[in-house]
Amino acid sequence: MHFVHRTPVADKTIAAIATPPGEGGIAIIRISGSDAIAVAAKVFSGPVSRFKSHTVHFGQTVDDTSQKIDDVLLLVMRAPKSFTGEDTVEIHCHGGRYVSQRVLGAVLKAGAAPAAPGEFSLKAFMNGKIDLAQAEAIQGLIHAKNEYAMRAAQEQLEGVLSHKIRSFQQELTKTYAILEAWVDFPEEDLEFAPFGEVIKELMGIRDTMAKLYATFHQGRMIQEGVQLSLVGSPNVGKSSLMNALLGHERAIVSPIAGTTRDLVEDDLRLSGLHLRLIDTAGIRETSECIEEEGIKRTKKAIDRSDLILFVLDATQEAHDAALIEVMPRDRCIAVWNKMDLIRNRPELPLPFTHIVEVSATTGMGLPTLLETIDSIIWGQQVSAEKDEVMLTCYRHKESLAAAIQAIDKVIQGLQTGISAEFVTFDMREALVELGTIIGTDIGEDVLTSIFSQFCIGK
Ligand SMILES: Nc1nc2c(ncn2[C@@H]2O[C@H](COP(=O)(O)OP(=O)(O)OP(=O)(O)O)[C@@H](O)[C@H]2O)c(=O)[nH]1
Ligand SMILES: [Mg+2]
């Protein structure tokens with residue numbers, strides 16, 4: 001079993017503009033590698049090689065003809081106390097695109113290679129400063145759209161997820177060793193590890209892993225936002241409700257049934273979360289091709305929605321029973337609209353847990369609707385565990401699922417008395433899958449694909 005990082009890539013001094021493109025107060029050019037100090041010395045007016053680690057210096061950057069480019073601040077961070085674990089120099093220049101490109105140009109001319117996307121983080125990973133899950137958390141942090149996404153990414157960066165994965169690895173390794181002993185000494189009476197105990201232990205670990213797995217849906221919603229679709233028959237007031245929730249006239253509203261033909265999308269923030277609202281075409285039997293296409297899109301939107309507001313017109317007696325039937329019950333709120341026009345809504349039994357009465361016109365009932373949305377997103381079980389570590393990355397989820405599956409096979413194998421060799425094979429599989437999450441057992445191709453999704457300069 002090898003839980004060690006691979007050997008670092010061939011040492012190469014790299015440089016990139018680490019700040020976003022465009023104009024700003026300052027831009028930062030980052031240089032990392034064993035030649036970082038020497039490269040910086042060639043483009044800076046002061047004696048960089050004599051600068052102490054973690055100090056800041058004012059001076060000028062110059063090109064290879066000693067022409068001044070810009071007044072800058074230069075930061076030196078010597079190995080191993082830097083993000084990458086290598087000698088690192090940061091040059092803070094004025095934030096114009098041209099100025100920063102000129103400084104970077106001088107740095108490259110002085111001997112640094114242009115950094116590939118994510119190469120600084122890759123170096124940090126290769127040098128053992130962070131593991132893979134932590135490296136990915138940096139991306140999560142950069143792309144965080146809300147408070148929860150930021151917190152989840154920070155926890156992952158601090159190693160909370162990695163710690164959990166490592167504890168799974170450690171516990172499974174113990175069992176793996178016992179299984180190996182069974183393979184090597186099948187005739188021995190292994191009293192130190194009764195069969196039933198081993199199975200019980202494995203089931204316990206499996207359950208904890210499954211709990212972590214279950215956080216993915218929540219984690220993804222936090223990370224990417226919640227998709228919320230407004231669905232219903234024509235003219236029930238879906239577009240009106242969309243506009244009322246947004247607080248502005250986003251979608252066209254009219255008394256003509258079939259007004260909305262395409263999906264209309266907009267963003268809404270709700271208690272720190274990012275909601276993607278989608279207004280859809282009213283669903284009804286139709287022979288008109290444009291409307292038919294709209295309805296097809298509506299059905300797709302239902303499939304990819306985290307939550308659906310199923311809107312019903314409270315002034316109508318007849319409702320589409322077939323539509324009610326196909327609504328996914330576990331993620332649907334029935335919304336009786338136009339309650340300003342009548343006193344009591346129809347006595348229609350609906351198969352949904354959440355039923356709310358509103359008026360898109362007067363705004364009545366909207367606060368209750370928002371509270372209901374909020375409570376479903378956070379769910380009873382989740383609000384209690386808001387601080388628990390959460391899976392936010394698809395790659396981690398896939399690996400964890402594969403690990404759980406492998407453990408299931410181990411448990412099954414033990415229960416049916418399959419040969420110990422097969423069981424240890426599956427056990428090894430589970431450990432490898434866990435390893436891929438934090439990067440202890442991972443191929444170069446996977447690494448390249450992960451880090452290439454990073455921004456240049458990170
Ligand atoms: N009185 C009242 N009228 C409403 C309310 N909500 C919507 N309406 C009216 O109902 C009609 C249809 O509203 P829309 O929002 O266009 O309905 P829709 O569900 O988007 O309709 P389609 O896009 O055709 O499927 C419009 O005339 C709205 O003004 C409400 O809460 N109260
Ligand atoms: Mg509409």
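These are my notebook entries on a predicted model of a protein with a ligand.

**Ground rules.** I number residues from 1 along each chain as its sequence is written, and I letter chains from A and number ligands from 1 in the order in which they are written. The model is predicted, and I kept its limits: local features need pLDDT of at least 70, side-chain atom pairs count only at pLDDT 80 or more, and totals for chains, interfaces and linings use all residues.

**Confidence.** I began with pLDDT, the predictor's confidence in each residue from 0 to 100. The mean for the protein is 87, and 93% of its residues reach 70 or more. Over residues 1-8 the value stays under 50, and the model has eight contacts for them beyond four places in sequence; a contact here means C-beta atoms, placed from the backbone, within 7 Å. Residues 380-385 are also below 50, with two contacts beyond near neighbours in sequence. A reminder to myself: where pLDDT is low, the predicted coordinates should not be read in detail.

**Domains.** I took the bounds from an automatic or database domain assignment. It gives domain 1 (14-130), domain 2 (141-215 + 391-438) and domain 3 (226-382). I found 41 Å between the centres of domain 2 and domain 3, taken over C-alpha atoms.

**Core.** I call a residue buried if 20 or more other C-beta atoms lie within 10 Å of its own, exposed if 12 or fewer, and partly exposed in between, with C-beta atoms placed from the backbone. A nonpolar core joins buried Ala, Val, Leu, Ile, Met, Phe, Trp, Tyr and Cys residues through C-beta atoms within 7 Å. The largest one has 111 residues, and Ile29, Ala40, Val107, Phe310 and Val335 have the most contacts inside it.

**Ligand 1.** Which residues come nearest to ligand 1? I found Gly237, Ser239, Ser240, Thr260 and Gly282, out of 23 residues around the ligand; to be near, a residue needs its C-beta atom, placed from the backbone, within 6 Å. The shell divides into eight nonpolar, twelve polar and three charged residues. In that count Ala, Val, Leu, Ile, Met, Phe, Trp, Tyr, Cys and Pro are nonpolar, Asp, Glu, Lys and Arg are charged, and the others, Gly among them, are polar. Helix 9 (residues 238-246) gives the largest share of the shell, three residues. Helices (H or I, at least four residues) and strands (E, at least two) are DSSP runs, numbered from the N terminus. Eight of the nine residues of helix 9 are buried, including Lys238 and Asn243. Just after helix 9, Gly247 takes a positive phi of about 85°.

Most residues other than glycine have a negative phi, and most peptide bonds are trans. The bond from Ala79 to Pro80 is cis, with omega near 0°, and Pro80 sits in the loop between strand 4 and strand 5 (88-94). His54 has a positive phi near 60°, and Lys338 has one of about 65°. Are these two buried or exposed? His54 counts as exposed because it has 11 C-beta neighbours inside 10 Å, whereas Lys338 is buried because 24 other C-beta atoms lie within 10 Å.

**Asp70.** Asp70 counts as partly exposed because it has 18 C-beta neighbours inside 10 Å.
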